[in-house]
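Student: I would like to learn how to read a structure. Please take me through some features one at a time.

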Amino acid sequence: MIVSDNGTELTSLAILRWAQDRQIEWHYIAPGKPQQNGYVESFNGRLRDECLNETLFASLGHARSVLRAWRDDYNLVRPHSGIGGMTPADAARRLVQPGPEGHHDNPGLYL
């Protein structure tokens, strides 16, 4: 399931057709209710404040490079309080480590 706001970039027929063709359920939050999608709103705020508002992009390649570096820092370096002070990469690795019988703790998660 994908949850999004009603922004024009996520309400086009093309993206809705893409989701339907892949049998992905799409849910829109109520207009004016960003708290219904709090995790994404928090992430978007961090990305905007820490990267997008701080950088004047000179080209598409520059934007890709800056965003790649920010993403790597966010996922691989920065500890997150919501997951016990681990990085997202560490938390994901912990989820897929084999258990005592050689089974994965979460067999549905693949990295």
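The dialogue below goes from the chain as a whole to a pocket, some rings and some loop residues.

Student: Where do I start?

Tutor: With the kind of model and its numbering: this is a predicted model, in which local features need pLDDT of at least 70, side-chain atom pairs count only at pLDDT 80 or more, and totals for chains, interfaces and linings use all residues. Residues are numbered from 1 along each chain as its sequence is written, and side-chain values use heavy atoms, with hydrogens and water left out.

Student: How many helices and strands are there in the protein chain?

Tutor: Helices (H or I, at least four residues) and strands (E, at least two) are DSSP runs, numbered from the N terminus. The protein chain has 4 helices and 2 strands. Read from the N terminus, their order is β-α-β-α-α-α.

Student: What share of the residues in the protein chain is buried?

Tutor: Buried means under 20% relative accessible area, exposed over 50%, and partly exposed in between (1.4 Å probe, protein chains only). Of the 111 residues in the protein chain, 17% are buried. As for area, the Shrake-Rupley method with a 1.4 Å probe is used, and for residues only the protein chains shown count as cover. The protein chain exposes about 8,400 Å², and carbon and sulfur atoms supply 55% of that area.

Student: How much space lies in the largest pocket?

Tutor: Rolling a probe the size of a water molecule over the atoms shows where empty space is left. On a 1 Å grid over the protein atoms alone, a pocket is an open set of points where a 1.4 Å probe fits, with protein on both sides within 12 Å along at least five of seven lines; lining residues have an atom within 4 Å of a point. Grid points are joined across faces, edges and corners, and a volume is the space filled by probe spheres set on the points. Here the largest pocket holds about 230 Å³.

Student: Which residues line the largest pocket?

Tutor: Among them are Tyr-39, Phe-43, Tyr-74 and His-80. Helix α2 (residues 38-50) gives the largest share of the lining, 4 residues. By type, the lining has 4 nonpolar, 4 polar and 2 charged residues. For this count, Ala, Val, Leu, Ile, Met, Phe, Trp, Tyr, Cys and Pro are nonpolar, Asp, Glu, Lys and Arg are charged, and the others, Gly among them, are polar.

Student: How many aromatic pairs does a search of the whole structure find?

Tutor: A pair of aromatic rings is described by the distance of the centres and the angle of the planes. Rings of Phe, Tyr and Trp (its six-membered ring) pair if their centres lie within 6.5 Å; planes under 30 degrees apart count as stacked, over 60 as edge-to-face and the rest as tilted. The search finds 4 aromatic pairs. In one of them, the ring centres of Phe-43 and Trp-70 are 5.6 Å apart and the planes are at 65°, so this pair is edge-to-face. The pair links distant parts of the chain, with Phe-43 in helix α2 and Trp-70 in helix α3, 27 residues apart.

Student: What about Phe-43 and Tyr-74?

Tutor: Their ring centres are 5.2 Å apart and their planes are at 80°, so this pair is edge-to-face. Phe-43 lies in helix α2 and Tyr-74 in helix α3, so the pair ties together parts 31 residues apart in sequence. Phe-43, Trp-70 and Tyr-74 form one aromatic cluster.

Student: Is Trp-70 buried or exposed?

Tutor: Trp-70 counts as buried because its relative accessibility is 10%. Tyr-74, at 15%, is buried, while Phe-43, at 29%, is partly exposed.

Student: Where is the place of His-80?

Tutor: His-80 is in the loop between α3 (60-77) and α4 (88-96). With a relative accessible area of 14%, His-80 is buried. Contact means heavy atoms within 4.5 Å. Not counting residues up to four places away in sequence, His-80 touches Tyr-74, Gly-85, Met-86, Thr-87 and Pro-88.

Student: Which residues does Thr-87 touch?

Tutor: Leaving out residues up to four places away in sequence, its contacts include Asn-75, Leu-76 and His-80. Thr-87 is in the loop between α3 and α4 and, at 7% relative accessibility, is buried. Asn-75 lies in helix α3; Asn-75 and Thr-87 are 12 residues apart in sequence and 6.0 Å apart in space, C-alpha to C-alpha.
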